[in-house]
Amino acid sequence: MSAEVMQGRRVALIDGESRFDLVVPLRARVDDVLRAAGSDTARGARVVGISGREIDRSTAMTSLEDGVVLVLVDPGASLPDAVARAAAAPSAMRVSAAWWVLAAGGGILALLRLVGGDGLPVSVRGPVAVLALLAALSAGAVFALRARSRTPILAPVVGVIGLAFGGGVAVVPGLPASAPLVAIFTGLLSGAVVAGVVGVLGATETLRAQSRTATIVLAVLAAVWGLSLLMHLDPSAPAAVTLGLVPVAQRVLQSSLVDVAPGTFIDYGRFQSTRWTVRQNLPDEVRTIEADDADALVERSTARLTIGVVLLIAAGAASAFTALPSFDTDNPVVLGGRIALAATVVLALLLSSRRSTVPFLRWVERLGAAAVVVAVLMALLPRVSPDMLVVFAGILLVVGLGSALLVVPVGRGLRSLGWSRTGDIFEALATALSLPAGMLAAGAVEIARAMMAT
């Protein structure tokens, strides 16, 4: 009877408030474990076992049991240092809250310009808009130059982009025609410029990667609204295209997160063995990957994913109320496009939130789906009779009861591979059909007919 051979050791390393669960080779030492976890920079720190016995850093893993718990202790740490670190956390939260307030201020300024054109007098709106643009540009530049590797960057980037968008929307004077299109186009372009400045001046690679992704997303959205402006379309057309673009852009964003050399993941030994294969230069072979490089790659990819999803969901949620103004139209193609647009976007956002590796983004996507549902209800309520309201209330009650019955088994860990694969199929279909549905809701067929007639 053969004995089971352990190829590695499972190690749990506790460093302050952080815990690292690792699997290391048998020939590795405790010092290698610290280096892999990024905890080898603390001078004078000691490694202590769960029993309180100090363990030398040169100890091999073969001398320790599988599943050993190692605790990193700093003898030089004092109570004031711990109190200072504890006091720094609320301060960081207050700073992040200030950036979110800036983003909210930009959104309110844009809302006053688009919805309530007379909410701010022209003599006040112009200087306020210019001040918002200058404040966003200066705040973004200062933050980009002073950012450090441990500085939270999502809230500042969103804050300066939101403030720049509000200033760009409000700076447009009251034009006789196409005022909303010009205002939104200017706001998106202003946000893209500010994000680009932060991406150029960023002191860290993560900040530069996140800001450049934001620049690309805002530039694409600005191109959609700019093209609609050139074609003299109604604001509901670019809003429908923006809403339908959200699931597709999310999928494109996820497939372009990892910035490695082209061809790194291609098995050239297999695919260049036939005579009909297209040849190209082989990329440099990756022999070793340092833990620091891998951590930096994951950090940059997560930053790109976070800012991209937040901007796309925000744009889609804001566009939903304009893209779905009502379902009372004589054009059956536009009506079918609006129905399909609402269904595919809600389905794609809800199903894609299952696979998100960032818990924060799961709720962002669900809130985006909820915003689309609210826009649909606001468009339907004026047309629904009281009898139909009772039917809808009954349907919602049944759905709520079914969800309540599923909470307990799902909370206990119930999983189904079959249902998961079914969800993947519906997610792929909804993502593929969302943009065509947005084009139909925007009246692309009528636009094509008008262009052919001329």
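How many of the 454 residues of the chain count as buried? The share is 37%, where buried means under 20% relative accessible area, exposed means over 50%, and partly exposed lies in between (1.4 Å probe, protein chains only).

Before you start clicking, note that this is a predicted model, in which local features need pLDDT of at least 70 and side-chain atom pairs count only at pLDDT 80 or more, while totals for chains, interfaces and linings use all residues. Residues are numbered from 1 along each chain as its sequence is written, and side-chain values use heavy atoms, with hydrogens and water left out.

**Stop 1: the whole chain**

Switch to a cartoon view. The chain has 14 helices and five strands; helices (H or I, at least four residues) and strands (E, at least two) are DSSP runs, numbered from the N terminus. Among contacts between residues at least 6 apart in sequence, 71% join residues at least 24 apart. Contact here means heavy atoms within 4.5 Å.

**Stop 2: the sheet**

Now select the five strands. They form an open sheet in the order E2-E1-E5-E3-E4, with mixed pairing; two strands pair if DSSP finds at least two bridges between them. Strand E2 (18-25) and strand E4 (54-55) are at the edges with a single partner strand each, so one side of each has no neighbour in the sheet.

Move on to strand E5 (residues 68-73). Strand E1 (residues 8-15) pairs with E5 in the parallel sense over five bridges, and Asp 15 stands opposite Leu 72 in E5. Strand E3 (residues 46-49) runs antiparallel to E5 and is joined to it by four bridges. Look for Val 47 opposite Leu 72 and Val 48 opposite Val 71.

Show the side chains of E5. In a regular strand, side chains alternate between the two faces of the sheet. Here Val 68, Leu 70 and Leu 72 make up the covered face of E5, and Val 69, Val 71 and Val 73 the uncovered one.

**Stop 3: the largest nonpolar core**

Which residues have the most contacts inside the largest nonpolar core? Select Ile 161, Leu 207, Leu 243 and Leu 341 to see them; the core has 74 residues. A nonpolar core is a set of buried Ala, Val, Leu, Ile, Met, Phe, Trp, Tyr and Cys residues joined through side-chain atoms within 4.5 Å. Helix H9 (residues 291-323) gives the largest share of this core, 11 residues. A second, separate core has 16 residues, including Leu 13, Met 61, Val 68 and Leu 72.

Zoom in on Leu 207. Leaving aside residues up to four places away in sequence, Leu 207 touches Phe 143, Ala 144, Ala 147, Ile 153, Val 157, Val 198 and Gly 202.

**Stop 4**

Select helix H4 (residues 154-170). Of its 17 residues, 16 are buried, so H4 is largely enclosed by the rest of the structure. At 1.5 Å a residue H4 should span 24 Å, and its end C-alpha atoms are 24 Å apart, which agrees. The expected span is 1.5 Å times one less than the number of residues in the helix.

H4 and H5 pack at an angle of about 145°, with their axes 7 Å apart. Axes are lines fitted to C-alpha atoms, for helices over the stretch in contact, and angles run from 0 to 180 degrees between N-to-C directions. Among the residues making this contact are Ile 161 and Phe 165 of H4 and Ala 183 and Gly 187 of H5.

**Stop 5: Ala 214 in helix H6**

Go to Ala 214 in helix H6 (residues 205-230). Is Ala 214 buried or exposed? Ala 214 is buried, with a relative accessible area of 0%. Not counting residues up to four places away in sequence, Ala 214 touches Ile 161, Ala 195, Ile 307 and Leu 311. The C-alpha atoms of Ala 214 and Gly 308 are separated by 6.2 Å, although these residues are 94 apart along the chain.

**Stop 6**

Follow the chain to His 232, in the loop between H6 and H7. His 232 has a positive phi of about 60° although it is not a glycine. His 232 is exposed, at 66% relative accessible area.

Finish at Gln 250 in helix H7 (residues 236-255). Gln 250 counts as buried, at 3% relative accessibility. Beyond residues up to four places away in sequence, Gln 250 touches Val 309, Leu 312, Ile 313, Leu 349 and Glu 365.
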